[in-house]
Structures are given as structure tokens and as C-alpha cells.
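Subject: Structure for your review

Dear colleague,

My notes on what was found in it follow directly after.

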Amino acid sequence: MGEVKLFFGPNHPGMNGNFSVHMYVEGDIVKKARPLPGFLHRGFEKLMERRYWYSNIALIPRICVPEPDINEACYAMGVEKIAKLDVPERAQWIRMIVLELTRIANHLMAVGGIGGPIGLYTAPQWGTADRDRILDIFEALTGARVYHMYIVIGGVRKNMTPKIEDMIWKTLDYIESRLPDYENLIFKNRILHSRLKGRLILTREQALEMGVTGVGLRATGVEYDVRKVDPYLFYDKVDFEIPTATEGDAFSRVYLKFKEIPQSIRIIRQALERMPQSDKVNVPVSKGSALRRIVPEGMAYVHIESTRGEYGFFVVSDGKNKPYRVAVRGASYPQGLYGIEKYLPGTRIEDVPIWLATMDVCAPEIDR
Amino acid sequence: MKERTIWEQIADSFRSRSIWMLHYCTGCGAMELPPTMTARFDMERFGITPMATPRQADIMLITGYLNTKTLRRVIYTYEQMADPKYVVGFGSCTINGGIYFDSYSTINRLDYYIPVDVYIAGCMPRPEAILEAFNYLMEKIRKGEADGWKRYKENYDWYKQNQIRSLGEVYVHDEFHE
Amino acid sequence: MTSSMSNLVKILEGFNPFVEEIDEKEVKITISSDKVVAVLETLKSNGYSHLSLMTCIDWIDDNQLELVYILFSWKNGGKFLVSTRIDRNDPKFVTVKELWPVARFYEREIHEFFGVEFEGNDDMKPLFLELWDEKPPLRKDFDPRDYSRKKFPDRKYEKDVIKEAKIFRGEING
């Protein structure tokens, strides 16, 4: 039997987003795999150079669709670093709450969504329905379900009211009460064990050489998390743990995402308790129009821990009212391009969507 | 518009009760589809369900901006779908380019390349808006007004000429990049 | 600058760098282009083993392209921005894919968006764009608005004042 060319994606229900992997297969063993990104390329880095510093806030959440707030946070922190702005303390706490809420939302979607490629269709129903509760918080807080544009340069757009704080407490309690159900349904399920246990194993050296971050790295026993190694916001002031595993297989990657949810809940609870009461949540940077704001010359690289790993913005300013260059480090760049080419050959066809789902290959942030 | 026979009217009425949507997320609007499909908004109660292959699908949902590279695949897919077929443009990007109006790789209006039956405005539209649009599309099908697939056949040369103007070449010769 | 970073900067002094401190944990090193690989090797063997990002900036007024390698250390959280400038008209550089395999794709991307040739990297096919027929798009002299106007026609809007007034008064549903 000879080798067969096989196109996987972009138009395929098992595909994770609009992405494509082209393979040579023999039987059902992958002999050679090539990633083909670019279906979502919009030229963000060029468009950002053409807009004002402030109007970019409306554009950048669209870089990563499942987790939009990390973009605004990264960009805002980068500009603040160049312009040496001090952000009010309450705004920093609110940013942390928003980032952790979107982490929970994305993890719920990913943990439920693993049911899609393996044929366990109750899990996506639960995951998306519970994620919607967090989207309701965002709607009350920011006015939008998906693209919030809430974190702006110098703080956040508006204050968090006590009513919304109460809503967050209640939603966190609800999600915490649901976690044992998820454990029983998903992680004690025979389908998941037989499909994911021992598949797509990465060793520690392979993961570090590839440059993969996030759960892909932590599943190999390395306790690397940007929140701990290079703390931003107030992550050095709250207590939380970083769950790790040593197997490095697909199952442990999904299970780590699940185990991060209680930690995020813990961070949000601490933040809600320790947040100072104040009305000042942003700084007016210049007098007059905020659109024509000028940022001094300089460059800075800011990275944060997204659900998929290290997510970074490299911002360059030449002292005008528009950015000179903004480069984005998509968190799934290494595993989505190099990882597919290097580690998929030798596996079976049905493992390919599992790689894409457990490694969280996010097509819009690779393409930008 | 040509008058429909009684049998066509009955067929249209049945068609509108069970429309299958092609499961192809072309852009970021696909993010609001999971809530629409699953338990909370549950689009299946209107008889709409995702379908994996273009040959069995009735609706093509263009979720958001279209890159030129994706537009080639969308045209492939659209031409593979069996008649009658309907296109729903989702989000501002399909209407006038939206926030990417000056991007060098995204198109600015969808109905220049393939006929569109219903547009949903907004970035991004809520799940309720998607359901409302589907209900409106069903109404249009029942009345026989959703005739985009007929227009595509009648004005095939015009659509083809527009596609070639923007894409250079519609067909992909070197799909494998080798 | 933390003490471990300033020690490392001292080791690098032989390469004659221009050191600029952006932040306590972020240092930018500008060096001439022939010493970049040696500096990157030194930094990699000293703990800065994670290539966070590799990117390019187009300084059109100086007629130069700036290549930036951002290295991150998982041990102490420090960041080094290694930057070098190359000629814009005939941009050529050496590949670092032996040091970081993922750099192969970053270089492919930079080749596509800025037109930089990387010697030693054999795979320079377009990654994101298909049938691209203009100059590399992220160069500063490329105007995406013009390109978009030329290739992707806009929708024409005609202002109908009477209809708008009727919508405003609630007589018809806009």
C-alpha cells in the first residue's frame, strides 16, 4: 500500500478552527505532516500601525477569539511600560479578575470541547453552557459577550459595581459546585482514557526544545508559568499553585487545564477580597483628546500567561500618535507549526485532532 | 420573479423546517456558534443542525471576515453544495469589511463574490440574533424569496469575473505547497 | 537590571554591544550583524534558552531593517532583546534554526512579510499569503488601503435623507 495524500481541514468538523494540516498517510499512520496556516490572516500588525494608540484597543481583541482579554491586557501593559504610566491599584485587581474569568471560560470550553474530537458529546454541551454564565458576567461588566474592549491604556474602562462583584461570587460558587460532575463525566470516562492516555507523549527535553509553553510544558513535569516566573499585575501577592503532571501525554494536558480552574477561582476570590474600594480605575493620560495621545519613543516586550502558554506583545513607538510596530507572539505558534511537523509523523490519523485540541492550537493567533 | 407551482410551494415549506448548516468556521464569528448550538440557546429546536459535508448541507454560514485564502475554499465549497442552497453573511465584516476595511487580505463585501440571502449585522452578533436571522431565512424560503442560488446560476459570468478580479485565480493548483 | 543580568552583560562585553535598560528585568542589546549568532549562543548557554519571539522592524528613514530576538529565562524571569540592523535594499541574514527549531517558521514569516532572505533556511515558501503579487506587506511603503481599494471593491452607500427621517420618526422599520 502506497502513501496517500490527505487534506485535513480547513473545512472539517474535527478541525480546531480554520486551520489545515496536510498529511501523507500509509494505512492510518501519518508519514509526513505539514501545517498550512493563513486562512485567518488579516494583517493585524499592519492595521495596528495605521490606527491611533487608543483606537487599537477596539481592534486587538479580535486576534485571539476564545480569549480576547489577554490581547488588551498585553497591549495596555506594553504601552504603559513605554510611557511609564502608573495604573490605579483597583484597576490592576480588576484586570486580574477579568483575566482569570476569561481563563476559566476558556478552560471550560477546552475541557468540554475535548469531547468533540473523541465522540463524547455531552461534555461540549456542559462546557459551553457553563461558560455562558461567565459571558453573562462580562456582559454586565462590559456590555459585550465576546469582545469586551474593557482593559484600556491606563486602567479599565469603567468601575466594577458591588452588584457585579456579587454576581461573580455566585457564579464562582456555581462553577465550583459543578467541578465534581465534570470529573465524573469526563475524567472518569472510559472513552477519554482509552483515547487520550499514553497518546502523543512529549518528553521534557522535547517540550523545552520546541519552545512550547503553558499546559503542554507543564504536563511534562516542568513548573514554568509566566505568572510565577515573571509576575505581572499582582500575581506575586496572591496564593495559588501551578498544577503539574509528569506523564506528558494528551490526557494529562487536558486534566491540567481542568485542575487550573480551582486555582483561578482561588485567585479571583482573593482579588475580590483584597481589592481596595475606590472610584479611580483609569488615568487620563493627556489633556484633550485621548485619541491623539502621544507615547514617547521606546520599545517593550510584555508577556502574560494565557491558557495556551506565553502570549506576548512587542510594542515599538517612535514618539508619534500611532504605534510604529506591534508584533504578537501567539502562544500556540511552536506547537501549531513546528510541533505538527515534528511530532505528528508516526501517530495515527485520529490523533491529529487530539493534538490540535489538547495543545490548544488557536488558528487566529498564529495567523493574526 | 417566476410564479411557483403548488408543488414547489409545498417543497419550500418543507425545506424551511429542516435546514442543515454547513459546519465551517470561516472567521471569528464561529465563537458564538457553540452557545447557539448547545443547551442554552439550542438551535436544533428550529430544525437547524450542523452538517459536516457540503453535499448534504443547505445553509452556508459565513462567520465573519473572509480572507482571500479562505474565500477560494468558500467558493469551492459553495459550488459543491446541492441546490437549493442559502448563504447567511454573519457580522459586519461580510457587509462592508467591518473593522478590517483597509486590510490587504480580507474582502470588503461578500455579495460581490457569492449571492447572500440574509445578513446579520454586528460584531459579533448575539446568539439571539443568529436565531432571529434563521427564522427570517425560513420565512423567506417559505415565501420563495430566498433565491440566491438561482441568481448565482443566472449571473455566473459576473460572479466569476468578480472572483477573478479579487483573487487572481480561484482554483488552487498547489494545495500541498510543495 | 538584576545582578545576574548585569553579570551576563559583562560576559558579553567582548562583542562590543550597546546596552539599553528598558526595565528591571528587560535589557536590550544592540550589536553588529556578524556577532548576533555568537551572542545568541552565549545567552542560550547561560539560561536564556527560550526564544519568545523573533521579529523585524522596518526603519524606512534609516533605510534599515532591524531584527529582534527576544530571549526569556525561565529561571530568573529576565528578558534579553538582541537586536541588529541590516541593509533594507538587499536584506540578508543567517538562520538560527540550529539554535531554536521554531525559528524556522519565524524566519519564514519574516521572509514573507519583510522580504528578508535567511541563508541556511531551505524552506522559504509563503506561509500565510497565497498568490501574493505586491511588495512584502509589512514594509512601511506598502499601503494596505490602496491595495484594498484596488482589489476588493467597497459597498457604495447612497444617502437617502427622506428615508432616514422616516426611520427616525418611526414610520418605517429601518
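In chain C, a hairpin of two residues connects β1(C) to β2(C). Please note that this is a predicted model. The two strands, β1 (residues 18-23) and β2 (residues 26-30) of chain C, run antiparallel and are joined by five bridges. One of the pairs involved is that of Asp23(C), whose bridge partner in β2(C) is Glu26(C).

Both strands belong to an open sheet of five strands in chain C, with the order β1-β2-β5-β4-β3 and mixed pairing. The edges are held by β1 and β3 (50-59) of chain C; each has a single partner strand, so one side of each is left without a neighbour in the sheet. From one strand to the next, the twist averages 20°.

Chain C as a whole contains five helices and seven strands. Along the sequence, these elements follow the pattern α-β-β-α-β-β-β-β-α-β-α-α. Why is chain C described as more spread out than a compact globule? Its radius of gyration is 23 Å, whereas the globule rule gives 16 Å for 174 residues; the value for chain C is well over that figure, and the chain is therefore more spread out than a compact globule. Along the principal axes, the C-alpha atoms of chain C fill a box of roughly 75 × 35 × 30 Å. Of the 174 residues, 38% count as buried. Where contacts in chain C link residues at least 6 apart in sequence, 48% of them join residues at least 24 apart.

Turning to chain A, there are 15 helices and eight strands. The radius of gyration of chain A is 21 Å, which agrees with the value near 21 Å that a compact globule of 368 residues would have. The C-alpha atoms of chain A fill a box of roughly 70 × 45 × 35 Å, again taken along the principal axes. In this chain, 57% of the 368 residues count as buried. Of the contacts in chain A between residues at least 6 apart in sequence, 71% join residues at least 24 apart.

Chain A has an open sheet of three strands, ordered β6-β7-β8, with antiparallel pairing. Here β6 (298-306) and β8 (325-329) of chain A are the edge strands, each with a single partner strand, so one side of each lacks a neighbour in the sheet. Neighbouring strands of this sheet are turned by 10° against each other on average, direction ignored. Nine bridges connect β6(A) with the antiparallel strand β7 (residues 309-317) of chain A. Met299(A), for instance, has Val316(A) in β7(A) as its bridge partner. Helix α3 (residues 69-83) of chain A lies across β6 and β7 of chain A and runs at about 150° to β6(A).

Val226(A) is found in helix α11 (residues 226-229) of chain A. Is Val226(A) buried or exposed? It counts as buried, because it has 23 C-beta neighbours inside 10 Å, and the threshold for burial is 20 or more. Leaving aside residues up to four places away in sequence, Val226(A) touches His303(A), Ile304(A), Glu305(A) and Glu310(A). The C-alpha atoms of Val226(A) and Ser306(A) are separated by 9.0 Å, although the two residues are 80 apart along the chain.

Finally, the contacts between chains. Which residue counts describe the contact of chain A with chain B? There are 33 residues of chain A in contact with 33 residues of chain B. On the chain A side, the elements that give two or more residues are β1 (4-8), β3 (29-36), α1 (44-49), α2 (56-59) and α6 (122-142). The most come from α6(A), with five residues. By class, this side of chain A has 16 nonpolar, nine polar and eight charged residues. The contact between chains C and B takes 15 residues from chain C and 16 residues from chain B. On the chain C side, these divide into seven nonpolar, one polar and seven charged.

Yours sincerely

Conventions:
Residues numbered from 1 in each chain as written. Chains lettered and ligands numbered in written order. Predicted model: local features only at pLDDT ≥ 70, side-chain atom pairs only at ≥ 80, totals over all residues. Contact = placed C-beta atoms within 7 Å. Helix = DSSP H or I, 4+ residues; strand = E, 2+ residues; numbered from the N terminus. Nonpolar A, V, L, I, M, F, W, Y, C, P; charged D, E, K, R; others polar. Pairing = 2+ DSSP bridges. Axes fitted to C-alpha atoms, helices over the stretch in contact; angles between N-to-C directions. Rg over C-alpha atoms; globule rule 2.2 N^0.38 Å. Buried ≥ 20, exposed ≤ 12 C-beta atoms within 10 Å, placed from the backbone.
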